[in-house]
Amino acid sequence: MQAMQVSVEKINNVERRLTIVVPVDQVEEAYTKQIDQFAQKADLKGFRRGKAPIAYIKQRFGDDARKEALSEVIQRSLYKAIAEQKLTPVGTPRVEPKQLAADKPLEFVAIVEVLPDIENVQFSMNSIEKLDVIVAENDVDYVLQQLRKQYIKWKVVDRPAKEKDRVVVDYYAIFDGKSDEENKIQNFPVELGAKTMLPGFEEGLMGTQAGDEKTLNLKFPDDFKITERAGKPVDFSVQIKQVFEAEVPELNDAFVQRLGVKSGQLDDLKQQIKQSLEQERDRLVTEKLKEQVFRLLLEQNPLEVPKSLVDREAGQIHNEMYPQHQHHDHHSHSPEEMAAFSDIAKKRVSLSLLISAFAKQTALSADPKQVQQRIAEIAAVYENPQEVIGWLSSEERLKGIEAQVLEDQVMDKLMEGVPVTTKAMNYAELKGIRI
């Protein structure tokens, strides 16, 4: 029996073209096997099952049998060739048949994506900026106020609306002299002073009462997202239906206990909030360091990356941003949005490959003690830490945590010997919030 012939061509750093020729006797053997299977299964009028003449079976099922035989031969020979050439595909190979004629050798081409060869990871950095952030009392107080807002009760009042009230309205726009009453927004809650509406909308409702009707003469901001309306005047016809006053819970023992602090002591709640903010601060400070280090790592080590890995990662990014769109077509996104997903995905894939390559280059592996510490830190915020530790210790989730720890170790290694400058910043600025 003749041997299969395989030739390999390096298209680029992540693609290989395999040209495979399978001898005709192997193809015909697979075809004969398929014909035999059709003969055994065929339920043909005038013949007992399995007793129809082979010539008749070939006449009736020959085309189907050959298609299945060729599919089987292509799959078997492709993976045999991949193993012989010691390739590690990162996606499904693309097969392009060249010669499929009967009584002829089967010849086909397969494009196989592989991981890029990264011989030596380069990195240099003149200095790195580390943020020096203190969690202050006003940061804790801000969180306390946000917690109180979450438990606000709204009470209907019969008086003119004032700042911090909630006003329920029906309204429609009048733009360029055209009324949009058919698309009236009904029973819409507006919190006065929240600055969520067009400038002047909330201010225009100050002093109104249930039953009032008012026309607001406003204009769209110059940077309005619908460019053809930016900076142009617009009127809103508004009907005030209800005015609500906020009942904000007091910071007493009962409220503190309601938030899960058994002692009911405000100081204990503040201490918990401060610890949580400090953990978040540490995470964000580390992220800022990583942004600096890994941006340079990518710039200094440009890579070709397999398209299949980029597409897979882009899909995951999409699902993270739009979880409600999972398992649906992405036609609702513009080409620019889809390109943005791919750009982010390429950076993620490239960075992952460089981190792995640098870890191998420097003989780094995830420190088991740091892995266990990371698991304990994650579990500590839950009511039953031991259950969470067990859940996180499963093989699949453990790999994810090991990857996070290894990433931190690689960053520390890259930062060795790099001069560090510090920049003072308050916590609110770090988070990008106004207090």
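Visitor: Is Val109 buried or exposed, and what is its relative accessibility?

Guide: Val109 counts as buried, at 7% relative accessibility, where buried means under 20% relative accessible area, exposed over 50%, and partly exposed in between, computed with a 1.4 Å probe on protein chains only. This is a predicted model, in which local features need pLDDT of at least 70 and side-chain atom pairs count only at pLDDT 80 or more, whereas totals for chains, interfaces and linings use all residues. Residues are numbered from 1 along each chain as its sequence is written, and side-chain values use heavy atoms, with hydrogens and water left out.

Val109 has its place in strand β4; helices (H or I, at least four residues) and strands (E, at least two) are DSSP runs, numbered from the N terminus. Leaving aside neighbours within four places in sequence, Val109 is in contact, meaning heavy atoms within 4.5 Å, with Arg17, Leu18, Thr19, Arg94, Val95, Glu96 and Lys98. Ala83, by comparison, is 26 residues from Val109 along the chain, and their C-alpha atoms are separated by 16 Å.

Helix α7 itself covers residues 307–321, and its 15 residues reach 21 Å from first C-alpha to last, close to the 21 Å expected at 1.5 Å a residue, the expected span being 1.5 Å times one less than the number of residues.

Two packed helices are described by the angle between their axes and the distance between the axes. The axes of α8 and helix α11 (residues 395–415) come within 10 Å and cross at roughly 65°; axes are lines fitted to C-alpha atoms, for helices over the stretch in contact, and angles run from 0 to 180 degrees between N-to-C directions. The helices α8 and α11 are therefore roughly perpendicular to each other, on a scale where angles under 35 degrees count as roughly parallel, over 145 as roughly antiparallel, 65 to 115 as roughly perpendicular and the rest as oblique. On the α8 side the contact is made by Ile355, Phe358 and Ala359, and on the α11 side by Leu406, Glu407, Val410, Lys413 and Leu414. The residues of this contact of α8 with α11 divide into six nonpolar, no polar and two charged, with Ala, Val, Leu, Ile, Met, Phe, Trp, Tyr, Cys and Pro counted as nonpolar, Asp, Glu, Lys and Arg as charged, and the others, Gly among them, as polar.

A further helix pair can be described in the same terms. Helix α3 (residues 137–150) and helix α6 (residues 266–300) pack at an angle of about 105°, with their axes 10 Å apart, and that makes α3 roughly perpendicular to α6. In this contact Glu137, Asp139, Val140, Asp141, Val143, Leu144 and Leu147 of α3 meet Leu266, Leu269, Lys270, Ile273, Lys274 and Leu277 of α6, and the residues divide into eight nonpolar, no polar and five charged.

Returning to strands, Asn187 lies in β9 (residues 185–191). Asn187 counts as partly exposed, at 48% relative accessibility, and has a positive phi of about 50° although it is not a glycine.
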